[in-house]
Amino acid sequence: MRFFRTSDRSCLKKDLGRVRARLGWRLLVAIFLAVPLACGKAAASADELPAPLLAPPPAPASNTDFARSEMRASFPVIAPEPTELPRGTRSIYEAALLGEEAPTLLLTVAGESAATQESAGVIAPTSDADAVTDFESTVACCDLPPIRYVDDAWSFLPRLGRDALAVANWNNLAILGVALGGSLAVRGTLDGTVNNWTAEHPDRWGEGSKILGNFGVAQYQVPVILGAYVYTVYTQDYYQHDMMTSLISAYTLFGLTTVSIKYIADTNRPSDTWNNGKLGFPSWHDGSMLCMAAVLDDYEGHWIGYPLYVFAGLIGFSRIDTRDHNLSDVIFGGVLGYVIGKSVSGNALYGDGRVRILPWVDPIEGGVGAMIDACF
C-alpha cells in the first residue's frame with residue numbers, strides 16, 4: 001500500500017509539469033503573435049499623431065536676453081500688416097497719448113527746406129540757415145492781429161501809466177536822489193567856474209555847437225520819432241513797432257517829468273538867449289537824447305547804443321559851450337533821461353524796470369565806489 005501511494009504521486013507531478021509546459025509555450029506564441037500586430041497598427045496611424053516638438057535653435061552670442069530669445073523661438077511672432085495713414089493724421093495710439101489738441105510734428109531731413117513739406121497744421125523744424133529768433137517764431141506760428149493806429153491810440157495812456165509805475169521804484173529813486181545831490185553840489189562849486197570859462201571863450205565849436213544842439217530840440221526829435229513809428233505800422237514789423245512804442249512812452253515820460261521839474265525849480269541859465277534865462281534845470285537836450293539812446297541800446301544792441309551815448313554827451317557839452325545850461329543842469333538831465341529810458345525798455349523786454357546801484361570795490365588798488373546795474 002505504501003508503494004502504490006508513491007507511484008500515484010509521481011504520476012500526478014508529471015501530469016502537472018506537462019500542463020505547465022504547454023501553457024508556457026502557448027503564452028510565448030501569443031506574445032510573439034501580438035507584438036507584430038501592435039507595431040502594424042502603430043505604423044498605420046502614424047499620420048494622425050502630432051509632429052514631435054523640435055528644440056529651438058541656439059540664441060546668437062550677441063543676444064544676452066536668453067528668456068526673450070527662447071520665447072521668440074518657441075512662439076513665433078506674427079507682425080500685423082502695415083497700414084498707411086493719410087498725411088497729417090495720427091494713429092489711435094498717438095491720439096490717445098497726445099490728445100486731440102496736440103500739434104502734428106513733421107520731421108524733415110537735414111538740409112531739406114521746410115517749405116517743401118508744407119501741410120495744414122504741421123509744424124516743420126527749420127535748418128540752421130533758416131533759424132529765427134524767439135520773437136520771430138512766436139509771430140510766425142501765432143495768428144497776431146494787424147498793427148493799427150487806433151489800437152495804439154487806445155492803449156497809449158494805459159501803457160504810459162504802467163511805465164510810470166515801473167519807473168517809480170526805490171532803486172530808480174535812489175539813483176535820481178544821488179544824481180540830484182551831486183547836481184546841487186556841482187551847482188554850488190563848479191557851475192560858477194565853468195560859466196566863467198565859457199564866458200571868456202564862448203562858442204568854442206562855433207556853428208558845430210548849434211548844429212549839435214538842434215539834435216536835442218523837440219521840434220526836430222518828435223517828427224523823426226513819429227516817422228519811424230509810422231514806418232513800423234506800414235511794414236507790420238512787430239519787434240520794431242514794440243521798440244517805437246516804448247521809445248514814445250519813454251520820451252513822453254521824460255518830457256512830462258522834465259517840464260514839471262523846470263517849472264518847480266525855475267533856475268537861472270548862464271545867459272538870456274533861451275527862455276529869457278529861466279527854466280534852466282534840468283537840461284532837455286542831452287536828457288532826451290540819452291533817453292532815446294537807452295531804449296535803442298536795449299532793443300538794438302550796443303552797436304547803436306554806445307555811439308548814441310557819446311553823441312548825447314557831445315550835445316550836453318554844446319549846451320554848456322553855448323551858455324544855455326549850467327553843468328549841473330546837464331548832469332541831472334542826462335541821468336534822468338537814462339533812468340527813464342532804461343526803466344521803460346526793461347519793463348517792456350524783461351518785466352523789470354529797476355536800474356540798480358551796486359557797491360564796487362577794487363580788489364587790487366583798494367578803491368571803493370558805486371556802479372549802475374541794468375539789463376543789456
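Contact here means heavy atoms within 4.5 Å. The model is predicted, so local features need pLDDT of at least 70 and side-chain atom pairs count only at pLDDT 80 or more, while totals for chains, interfaces and linings use all residues. Residues are numbered from 1 along each chain as its sequence is written, and side-chain values use heavy atoms, with hydrogens and water left out.

Select I225 to begin: leaving aside neighbours within four places in sequence, I225 is in contact with M244, L247, I248, Y251 and M292. Together with I340, I225 touches the most other members of the largest nonpolar core, which has 39 residues; such a core is a set of buried (under 20% relative accessible area, 1.4 Å probe, protein chains only) Ala, Val, Leu, Ile, Met, Phe, Trp, Tyr and Cys residues joined through side-chain atoms within 4.5 Å. Next colour α11 (284-300), one of the elements that give two or more residues to this core; α11 gives the most, with 10 residues. Helices are DSSP runs (H or I, at least four residues), numbered from the N terminus.

From Y251, move on to F254 and W284, since ring pairs link Y251, F254 and W284 into a cluster; rings of Phe, Tyr and Trp (its six-membered ring) pair if their centres lie within 6.5 Å, and planes under 30 degrees apart count as stacked, over 60 as edge-to-face and the rest as tilted. The structure holds 8 aromatic pairs, among them the tilted pair of Y306 and Y309, at 6.3 Å centre to centre and 40° between the planes.

Notes
Buried < 20%, exposed > 50% of the residue type's maximum accessible area, 1.4 Å probe, protein only.
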